[in-house]
Amino acid sequence: MISILISIIAFIIIFSALILVHEFGHFWMAKRAGVRVDEFGFGLPPRMFGKKKGDTLYSLNWIPFGGFVRLFGEDPNEFRADKSKQSFLTKTPWQKTTIVLGGVFMNFVLAWVLLTFGLFFGLEPLIVGYDQFADHIHQGDIEMSPYHVFEKESAVLKADPGDYILSINDKLVSQVIDVDAYVAGLDGDKVSVRVRHFSEPVGPIGYNMGGSIDHKYTVKKAELDGAFELFPVSNVPRAVVRKNIEPLLLEKGDVILRINKREVLGEADFLQFLYAGKIEGIDVFRSGAIRTVAPDISFGRTIVDKILPDSPAEKSGIIAGDVFVSIEGIEVFEPQAVKLVTETEAVNKPTLSYVFERNSEQINIDVTPDENGLIGVALSPMVSTQGIDVDFYESFLISSVLDIKAERYGLLKAPFKAFGEIKNVSLLTAKMMGNVFAGVLSSGEVPDSVSGPVGIAQMTYLSVQDGFMAVIRFAAILSLSLGVLNILPFPALDGGRFVFVIIESIIGRRINHKFEAMIHAIGFAVLLLLIVLITWNDIARLF
């Protein structure tokens with residue numbers, strides 16, 4: 001109950017702060033442009049009390065949610081609004097632009113400040129789109145498991161955090177997104193759930209699984225309501241073996257999880273990692289269990305593509321077409337390994353011993369790298385399948401996201417990283433919101449990924465549970481979303497008002513105020529309808 005109360009308070013504070021910051025942007029730019037601000041309200045009417053300072057009434061209102069700014073001239077019907085120098089209507093297009101977009105600007109500034117703070121002290125990355133998600137997985141920032149893993153204890157299934165589901169009614173559930181919904185849709189009154197328990201902590205991504213025991217629980221379906229408090233899942237592409245590949249010790253139906261402990265996401269990753277060099281181990285998901293196979297085989301090598309003039313390589317007799325075999329006795333395969341070993345060994349040794357393959361023969365060449373640990377060659381991967389028929393296809397596997405490591409940057413780098421995050425999130429948000437408007441207008445349906453006030457309140461609760469930095473991250477994303485939403489060229493939004501300012505500057509005269517007011521009223525009605533639809537979806541998801 002206390003956590004719910006804290007979440008409600010946090011929701012009110014966060015949402016009100018974002019709106020107030022937005023309204024302050026309009027207020028600040030209006031003051032700079034010489035527009036009279038009649039009222040700056042904290043909260044929503046009815047008014048509790050107010051104090052006038054200069055031309056502006058600063059009011060505190062009874063509904064403690066957000067705020068508003070009332071500018072002279074926003075309503076064209078106000079007395080002398082079209083003649084007064086203090087009116088919004090009489091300002092230049094540039095001044096109107098700064099006032100109209102001032103709120104959006106402040107939302108972006110707030111997001112930048114919050115993200116800079118978060119990235120300095122440590123913040124989970126703002127993952128935008130699949131490419132970024134895949135990059136973070138490859139970098140080891142995201143820990144995943146091909147099982148549905150318990151995040152919290154389950155008394156019904158006697159599960160501890162880290163235990164996971166092997167099967168339900170003797171069927172694997174690796175393709176199930178919502179376990180609760182899956183169980184609810186099963187026939188019969190009883191359900192059997194096979195759970196793997198651990199007597200010691202589970203290592204990263206299913207490793208170190210000593211001390212495990214499987215147990216099958218058969219319980220009434222009603223007892224399983226709320227029994228599955230699991231880690232969130234993501235649908236990720238995987239390579240699936242279509243027929244046995246004996247040289248690689250792979251069997252038909254194997255789902256490739258990792259090669260040399262590097263996550264394999266789909267077809268491109270599989271081929272890239274497979275042909276990158278020596279294979280030390282392939283982790284596969286086979287018959288509901290993670291298995292590691294270790295074929296004694298290697299594929300790719302690195303070839304010398306070009307020699308830089310007057311470089312250590314040229315002086316030592318290396319020629320284009322030479323294939324790297326080893327450096328100081330260390331066998332190397334992919335270009336990254338050649339570069340890393342060269343730079344590492346050059347720290348303590350002035351001259352390094354290289355073995356190359358040239359005309360099917362191995363030759364030894366000693367090279368003295370330059371002061372940067374480089375020998376002056378351009379490298380290219382050389383792929384050889386060794387005649388192995390690698391037959392597979394790409395499919396999707398539900399995987400639990402067990403952990404996302406926080407990103408941390410120095411004081412000088414954090415602000416620039418924050419700019420990059422703002423750019424990525426803003427572009428995706430604009431695209432998503434555009435799709436929402438198009439979908440609602442064409443079919444009347446709201447995507448499930450879109451949330452309104454109820455959904456935002458739920459997300460606030462989850463953020464509060466995850467701690468202070470999660471709240472900072474959530475507030476930054478919300479501020480960006482508010483800014484992007486308002487800049488969209490839709491009537492009644494700041495972006496829609498900006499469109500009218502642009503039209504005025506092009507035609508050289510003011511647009512008919514009644515016409516503009518009518519367009520914004522229609523836009524406002526559409527927005528209200530959209531909010532109602534989204535809120536209805538949020539409430540439906542609760543049940």
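Met 48 touches Leu 60, Asn 61 and Trp 62, residues up to four places away in sequence being left out of the count; contact here denotes heavy atoms within 4.5 Å. The model is predicted, with local features requiring pLDDT of at least 70 and side-chain atom pairs pLDDT 80 or more, whereas totals for chains, interfaces and linings use all residues. Residues are numbered from 1 along each chain as its sequence is written, and side-chain values use heavy atoms, without hydrogens and water.

Met 48 belongs to strand 1 (residues 37-53), strands being DSSP runs of E with at least two residues and helices runs of H or I with at least four, numbered from the N terminus. The relative accessibility of Met 48 is 35%, so this residue counts as partly exposed (buried is under 20% relative accessible area, exposed over 50%, partly exposed in between; 1.4 Å probe, protein chains only). The C-alpha atoms of Met 48 and Ser 59 are 7.4 Å apart, at a sequence separation of 11 residues.

Two charged side chains are placed over aromatic rings, by the criterion that NZ of Lys or CZ of Arg lies within 6 Å of the ring centre and within 35 degrees of the ring normal. The charged end of Arg 36 sits 4.0 Å from the ring centre of Phe 72, and Lys 96 lies over the face of Phe 88 at 5.8 Å from the ring centre.
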